[in-house]
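This report covers selected features of one structure, beginning with a single side chain and its surroundings.

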Amino acid sequence: MTFEAFFAAAKERLSHADVSGIPGRLAFQFDITGEGAGTFYLEVKDGRLSVEPYDYRDRDVCITCTADTLLKIADKKLDPVLAFTLHKLKIDGPLDKALLLKQLLR
(Lines give C-alpha, C1' and ligand atoms only; values in the text may rest on other atoms or scores of the structure.)
Protein backbone atom coordinates (compact mmCIF):
# COMPACT_ATOMS: atom_id res chain seq x y z
CA MET A 1 0.00 0.00 0.00
CA THR A 2 1.34 3.44 -0.87
CA PHE A 3 1.18 6.34 1.55
CA GLU A 4 -1.32 8.07 -0.74
CA ALA A 5 -3.67 5.07 -0.63
CA PHE A 6 -3.25 4.70 3.11
CA PHE A 7 -3.81 8.42 3.72
CA ALA A 8 -7.02 8.42 1.64
CA ALA A 9 -8.35 5.48 3.69
CA ALA A 10 -7.28 7.04 6.99
CA LYS A 11 -8.78 10.44 6.10
CA GLU A 12 -12.08 8.79 5.20
CA ARG A 13 -12.25 6.94 8.52
CA LEU A 14 -10.99 9.83 10.68
CA SER A 15 -13.16 12.47 9.01
CA HIS A 16 -16.19 11.01 10.79
CA ALA A 17 -14.69 11.66 14.24
CA ASP A 18 -16.94 13.46 16.70
CA VAL A 19 -15.03 16.61 17.69
CA SER A 20 -17.90 18.25 19.56
CA GLY A 21 -16.41 17.39 22.97
CA ILE A 22 -12.95 18.80 22.20
CA PRO A 23 -12.61 22.40 23.40
CA GLY A 24 -10.14 24.80 21.82
CA ARG A 25 -7.38 23.36 19.65
CA LEU A 26 -5.83 19.89 19.59
CA ALA A 27 -3.35 18.60 17.02
CA PHE A 28 -2.04 15.08 16.46
CA GLN A 29 0.77 14.20 14.08
CA PHE A 30 0.88 10.61 12.87
CA ASP A 31 4.21 9.17 11.76
CA ILE A 32 3.41 5.98 9.88
CA THR A 33 6.12 3.33 9.68
CA GLY A 34 6.53 0.27 7.44
CA GLU A 35 4.33 -0.20 4.40
CA GLY A 36 2.58 3.06 3.54
CA ALA A 37 5.12 5.10 5.53
CA GLY A 38 4.56 8.85 5.70
CA THR A 39 3.34 11.66 7.93
CA PHE A 40 0.00 13.40 8.34
CA TYR A 41 -1.85 15.40 10.94
CA LEU A 42 -5.28 15.68 12.48
CA GLU A 43 -6.26 19.02 14.00
CA VAL A 44 -9.38 20.05 15.86
CA LYS A 45 -9.80 23.80 15.99
CA ASP A 46 -12.92 25.80 16.79
CA GLY A 47 -15.09 22.67 16.48
CA ARG A 48 -13.77 21.79 13.01
CA LEU A 49 -11.66 18.81 12.00
CA SER A 50 -8.80 18.88 9.48
CA VAL A 51 -6.86 15.83 8.30
CA GLU A 52 -3.98 16.70 5.97
CA PRO A 53 -0.88 14.89 4.61
CA TYR A 54 1.74 17.20 6.10
CA ASP A 55 4.27 17.36 8.91
CA TYR A 56 2.81 19.49 11.73
CA ARG A 57 5.38 21.16 13.97
CA ASP A 58 2.85 22.84 16.28
CA ARG A 59 1.37 19.52 17.36
CA ASP A 60 0.30 18.51 20.84
CA VAL A 61 1.01 14.81 20.39
CA CYS A 62 2.98 12.73 17.89
CA ILE A 63 1.84 9.13 17.41
CA THR A 64 4.08 6.62 15.65
CA CYS A 65 2.64 3.32 14.42
CA THR A 66 2.10 1.20 11.33
CA ALA A 67 -0.67 1.91 8.84
CA ASP A 68 -2.36 -1.36 9.81
CA THR A 69 -2.43 -0.42 13.50
CA LEU A 70 -3.94 3.01 12.86
CA LEU A 71 -6.61 1.67 10.52
CA LYS A 72 -7.59 -0.95 13.11
CA ILE A 73 -7.87 1.79 15.74
CA ALA A 74 -9.95 3.97 13.39
CA ASP A 75 -12.22 0.99 12.59
CA LYS A 76 -12.63 0.33 16.34
CA LYS A 77 -11.03 -3.12 15.98
CA LEU A 78 -8.14 -2.16 18.28
CA ASP A 79 -8.36 -0.01 21.39
CA PRO A 80 -5.68 2.74 21.30
CA VAL A 81 -4.81 2.20 24.98
CA LEU A 82 -4.31 -1.52 24.33
CA ALA A 83 -2.21 -0.72 21.24
CA PHE A 84 0.00 1.52 23.41
CA THR A 85 0.27 -1.17 26.09
CA LEU A 86 1.26 -3.76 23.46
CA HIS A 87 3.88 -1.32 22.03
CA LYS A 88 2.03 -1.15 18.71
CA LEU A 89 2.11 2.63 18.92
CA LYS A 90 4.45 5.17 20.45
CA ILE A 91 3.29 8.45 21.94
CA ASP A 92 5.40 11.58 22.14
CA GLY A 93 3.61 14.27 24.11
CA PRO A 94 1.24 14.58 27.08
CA LEU A 95 -0.59 11.33 27.75
CA ASP A 96 -3.79 13.16 28.75
CA LYS A 97 -3.97 14.77 25.30
CA ALA A 98 -3.06 11.48 23.59
CA LEU A 99 -6.01 9.83 25.34
CA LEU A 100 -8.34 12.27 23.58
CA LEU A 101 -7.76 10.24 20.41
CA LYS A 102 -9.94 7.54 21.92
CA GLN A 103 -12.68 10.13 22.54
CA LEU A 104 -12.42 11.33 18.93
CA LEU A 105 -12.91 7.80 17.58
CA ARG A 106 -16.02 6.85 19.56
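## A buried glutamate

E43 is buried, with a relative accessible area of 11%; buried means under 20%, exposed over 50% and partly exposed in between, with a 1.4 Å probe and protein chains only. E43 is found in strand β2. Strands (E, at least two residues) and helices (H or I, at least four) are DSSP runs numbered from the N terminus.

The E43 side chain makes a polar contact with that of Y56 at 2.5 Å. A polar contact is a pair of N or O atoms within 3.5 Å; within protein, one must be able to donate a hydrogen and the other to accept it, and residues adjacent in sequence count only if both atoms are side-chain atoms. Leaving out residues up to four places away in sequence, E43 touches R25, L26, A27, R48, L49, S50 and Y56 (contact: heavy atoms within 4.5 Å).

## Basis of the model

The model is predicted: local features need pLDDT of at least 70, side-chain atom pairs count only at pLDDT 80 or more, and totals for chains, interfaces and linings use all residues. Residues are numbered from 1 along each chain as its sequence is written, and side-chain values use heavy atoms, with hydrogens and water left out.

## Helix α2

Six of the eight residues of α2 are buried: A67, T69, L70, L71, I73 and A74. Their cover includes α1, β1, β2, β4, α3 (80-85) and β5 (89-92). Just after α2, K76 takes a positive phi of about 65°.

## Helix α4

L95 lies in helix α4 (residues 95-98). L95 is partly exposed, at 46% relative accessible area.
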